[in-house]
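Here is a short report on one protein chain. It covers rings, core, strands and charged pairs.

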Amino acid sequence: MITGNFPNLRLRRSRKNDWSRRLIAENNLTPNDFILPLFLIDGKNKKQSINSMPGVHRYSVDRLSSVVDKALKLKLPMIALFPYTNKKHKDKFGTEALNEDNLVCKALQLIKKRYQNEIGIMCDVALDPYTSHGQDGLVNNRYVLNDETVEILIKQSLLQAEMGCDVIAPSDMMDGRIGKIRKSLDKNGFKMTQILSYAIKYASSFYGPFRDAVGSKNILKGNKKNYQMDFRNSDEALREVALDIKEGADMVMVKPGMPYLDIIKSVKEKFKIPVFAYQVSGEYTLISNAIDKGFVNNNAILESLISFKRSGANAIVSYYADRIDKILD
Ligand code: PBG
């Protein structure tokens, strides 16, 4: 399908001026493309920096309003909540996940009361912020149990929906959980609560800084390879998505982002559904540190974000979302 010949055709002609480059740009970003992750901590009037994520903070619930105000001003459609759970609230079973006074529930209630439907709220469904071993589910002999874990995730989802969560986002990678969560939401009057399935979540080293941010880094023993996907595989990713669509997922996430652009593209082409990319903590930290040290310039951020658009992602979860006005400028 290549048309034309040199010297009649010179592709550099349309690259010469900025106006022309803007005119033919195939992909553009707007604030509508972004979801802002927010880390929550206990206490009052706290804004805590996170060692491994320069420029990202944990906020106490009473300081959330200023962050949500900013997200609204930027016109971000959605935020995602992640709790840093105090060690004393963690146990083997992740019991705190079902506590209606936990950080996520408190934040949901506050934001919904104050902002109603002005902004969407998405919550992770998984037990890792709450377990003393840092795994996403119940553990037996180093194996994360599937069906037993799903029973708890159903309750966690329902609690989040009751507290006002708009988008339930299971990130646990248990088999069959989307269908069971959908069924329970419907049965309990939450027919319109959406499900964003982390259908494809690879067992990745790029989550390191996030585990620091939610306080599970030093307690996690082993890895998550018996439930998260093997990064050598891509056909398997399509099977994961096919199952989750049948079970009722409204949207799917591919995670991490940049090392898996091929997966985003093939999911989009094959299934024609909303596909989201998660530019995870390790990607954020790599880029941010390289910029801080002067090894690459600021434009690396925009370049990384556009790559998701080019690959076909509808939206991007990114720790840069709260600075998106400056990045797009
Ligand atoms: C936990 C969860 C993880 C992330 C989001 N939800 C980490 C993990 O599976 O260990 C990672 C996000 C990031 O690295 O930015 N279910």
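## Lysine over two rings

The charged end of Lys-255 sits over the ring of Tyr-207, 5.1 Å from its centre. Lys-255 also has its charged end over the ring of Tyr-278, at 4.8 Å from the centre. A charge sits over a ring if NZ of Lys or CZ of Arg is within 6 Å of the ring centre and within 35 degrees of the ring normal.

This is a predicted model: local features need pLDDT of at least 70, side-chain atom pairs count only at pLDDT 80 or more, and totals for chains, interfaces and linings use all residues. Residues are numbered from 1 along each chain as its sequence is written, and side-chain values use heavy atoms, with hydrogens and water left out.

## Strand β10

Lys-255 belongs to a covered strand. Five of the five residues of β10 are buried. Buried means under 20% relative accessible area, exposed over 50%, and partly exposed in between (1.4 Å probe, protein chains only). Helices (H or I, at least four residues) and strands (E, at least two) are DSSP runs, numbered from the N terminus. Met-251, Met-253 and Lys-255 point one way from β10. Val-252 and Val-254 point the other way.

What does β10 pair with? Four bridges join β9 to β10, and the two run parallel. Here Leu-196 stands opposite Met-251. Three bridges join β10 to β11 (residues 275-279), again in parallel. Val-254 stands opposite Ala-277 in β11. Two strands pair if DSSP finds at least two bridges between them.

## Aromatic pairs

How many aromatic pairs does the structure hold? There are nine. Rings of Phe, Tyr and Trp (its six-membered ring) pair if their centres lie within 6.5 Å; planes under 30 degrees apart count as stacked, over 60 as edge-to-face and the rest as tilted. Tyr-202 and Tyr-260 make a stacked pair, 4.1 Å centre to centre with 10 degrees between the planes. Tyr-202 lies in the loop between β9 (194-201) and α6 (208-213), and Tyr-260 in the loop between β10 (251-255) and α8 (261-271), so the pair ties together parts that are 58 residues apart in sequence. Both partners are covered: Tyr-202 is buried at 0% relative accessibility, and Tyr-260 is buried at 8%.

Ring pairs also build a cluster. Its members are Phe-39, Phe-82, Tyr-198, Phe-210, Tyr-278, Tyr-284, Tyr-319 and Tyr-320. One of them, Tyr-278, is a ring under the charged end of Lys-255.

## Nonpolar core

In soluble globular proteins, nonpolar side chains tend to be buried together. The largest nonpolar core here has 104 residues. Such a core is a set of buried Ala, Val, Leu, Ile, Met, Phe, Trp, Tyr and Cys residues joined through side-chain atoms within 4.5 Å. Those with the most contacts inside it are Phe-39, Ile-79, Leu-81, Met-122 and Ile-200.

Which residues touch Met-122, leaving aside its neighbours within four places in sequence? They are Ile-35, Met-78, Ile-79, Ala-80, Leu-81, Cys-165, Val-167, Ala-169, Leu-196, Tyr-198 and Met-253. Contact means heavy atoms within 4.5 Å.

## Salt bridges

Side chains of opposite charge can pair when their charged atoms come close. The whole structure has 11 salt bridges. Each is a side-chain nitrogen of Lys or Arg within 4 Å of a carboxyl oxygen of Asp or Glu. Lys-224 and Asp-136 meet at 2.7 Å, N to O. This pair links distant parts of the chain: Lys-224 is in the loop between α6 and α7 (235-247), and Asp-136 is in the loop between β5 (120-125) and β6 (139-140), 88 residues apart. Lys-224 is buried at 4% relative accessible area, and Asp-136 is buried at 0%.

Other bridges lie within helices. Arg-182 bonds to Asp-186 in a salt bridge, with the closest N and O atoms 3.0 Å apart. The two are four residues apart in helix α5 (residues 177-187), so about one helical turn separates them. Arg-182 is buried at 12%, whereas Asp-186 is partly exposed at 34%. Salt bridges that share partners join Asp-18, Arg-21 and Arg-22 into one network. Within it, the closest N and O atoms of Asp-18 and Arg-21 are 4.0 Å apart. Asp-18 and Arg-21 are three residues apart in helix α1 (residues 18-24). Asp-18 is partly exposed at 44%, as is Arg-21 at 41%.
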